[in-house]
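Please look through the sequence and the structure below before reading on. The briefing that follows takes up the chain as a whole, then its sheets, its helices and its charged pairs.

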Amino acid sequence: IGGLPPHKRLQAGIARTFQNIRLFGQLSVWQNLWVAQNSPEERASRGFLSRWLGGQSAARAEIEQLLEFSGLHLKQNELAGNLAFGEQRRLELARALAAKPKLLLLDEPAAGMNSEEIGQLRGRILSLRERGMTILLIEHVMELVMGVADRIAVLNFGQKIAEGPPAEIQADPLVRTAYLGGEA
């Protein structure tokens with residue numbers, strides 16, 4: 001998918017978050033979700049101006065659900081750039097979900113979060129899994145990885161050194177050596 005432009009990836013049902021947050025800082029939380037939700041199909045069925053001014057009740061209801069899911073309902077009118085770091089992370093996840101992906105790519109979503117925020121993120125990821133969403137997680141916070149992953153692939157300097165269920169990965173001598181030091 002590396003050669004596909006972002007709109008083609010989105011059309012293929014793939015959405016992502018970024019390691020470094022990439023929100024529209026001068027737009028409100030609600031506007032960030034609205035922009036992400038504005039698919040080509042929706043633009044074709046109803047013009048941009050009409051959608052912006054009137055909105056579709058189903059589209060607005062979906063945004064409300066995303067605001068609740070992300071815990072940002074009370075912040076919907078705040079500028080994204082004014083949110084606390086953890087709130088920005090939650091908005092980025094909600095924005096990716098606004099595109100209704102089949103595959104969600106999460107690039108270090110716990111980076112910079114405190115343990116309470118990581119616990120909340122874990123709950124959100126598990127909720128998405130329960131809904132049947134496929135998630136590819138790239139993460140260094142092992143507590144999160146072990147708590148949400150069915151299958152883990154471990155890379156060391158770009159080379160895969162292990163793959164399997166969490167318990168197997170934790171016991172793998174190559175993984176332990178690479179990440180905890182010592183001899184294999």
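**Briefing on the predicted model**

Of the 184 residues in the protein chain, 39% are buried, where buried means under 20% relative accessible area, exposed means over 50% and partly exposed lies in between, computed with a 1.4 Å probe on protein chains only. This is a predicted model, in which local features need pLDDT of at least 70 and side-chain atom pairs count only at pLDDT 80 or more, while totals for chains, interfaces and linings use all residues. Residues are numbered from 1 along each chain as its sequence is written, and side-chain values use heavy atoms, with hydrogens and water left out.

**The chain as a whole**

- The protein chain holds 10 helices and five strands; these are DSSP runs numbered from the N terminus, with helices (H or I) of at least four residues and strands (E) of at least two.
- If we take the contacts in the protein chain between residues at least 6 apart in sequence, 57% of them join residues at least 24 apart, a contact being heavy atoms within 4.5 Å.

**The parallel sheet**

- Three strands make an open sheet in the order S1-S2-S3, and their pairing is parallel; two strands are said to pair if DSSP finds at least two bridges between them.
- S1 and S3 stand at the edges with a single partner strand each, so one side of each is left without a neighbour in the sheet.
- On average, and with direction ignored, neighbouring strands of this sheet are turned by 15° against each other.
- Strand S1 (residues 14-16) pairs with S2 over three bridges in the parallel sense, and isoleucine 14 has leucine 103 in S2 as its bridge partner.
- S2 and strand S3 (residues 134-138) run parallel and are joined by five bridges; leucine 103 stands opposite threonine 134 in S3, and leucine 106 stands opposite leucine 137 in S3.
- Strand S2 (residues 103-107) is mostly covered, with four of its five residues buried.

**The hairpin**

- S4 and strand S5 (residues 159-164) pair in the antiparallel sense over five bridges, and in S5 the bridge partner of alanine 153 is glutamate 163.
- These two strands, S4 and S5, form a hairpin with two residues between them, and phenylalanine 157 in the turn has a positive phi of about 55°.

**Helix packing**

- H6 lies across S1 and S2 and runs at about 160° to S2; for such angles, axes are lines fitted to C-alpha atoms, for helices over the stretch in contact, and the angles run from 0 to 180 degrees between N-to-C directions.
- H6 and H7 pack at an angle of about 10°, with their axes 11 Å apart.
- That angle makes H6 roughly parallel to H7, a description used for angles under 35 degrees, whereas those over 145 count as roughly antiparallel, 65 to 115 as roughly perpendicular and the rest as oblique.
- Gly86, Arg90, Leu93 and Leu97 of H6 make this contact with Glu117, Gln120, Leu121, Arg124 and Leu128 of H7.

**Salt bridges**

- A salt bridge is a side-chain nitrogen of Lys or Arg within 4 Å of a carboxyl oxygen of Asp or Glu, and by this rule the count comes to seven.
- Arginine 95 forms a salt bridge with glutamate 92, their closest N and O atoms being 4.0 Å apart.
- Because arginine 95 and glutamate 92 are three residues apart in helix H6 (residues 85-98), about one helical turn separates them; both arginine 95 and glutamate 92 are buried.
- Aspartate 150 and arginine 129 meet through their side chains in a salt bridge of 3.1 Å, N to O.
- Aspartate 150 lies in the loop between helix H8 (142-148) and strand S4 (152-156), and arginine 129 lies in helix H7 (residues 115-130), so the pair ties together parts that are 21 residues apart in sequence.
- Aspartate 150 is exposed, with a relative accessible area of 56%, whereas arginine 129 counts as partly exposed at 33% relative accessibility.
- The side chains of lysine 160 and glutamate 163 also meet in a salt bridge, at 2.5 Å from N to O, and glutamate 163 counts as partly exposed at 36% relative accessibility.
- A network of salt bridges links Arg151, Lys160 and Glu163.
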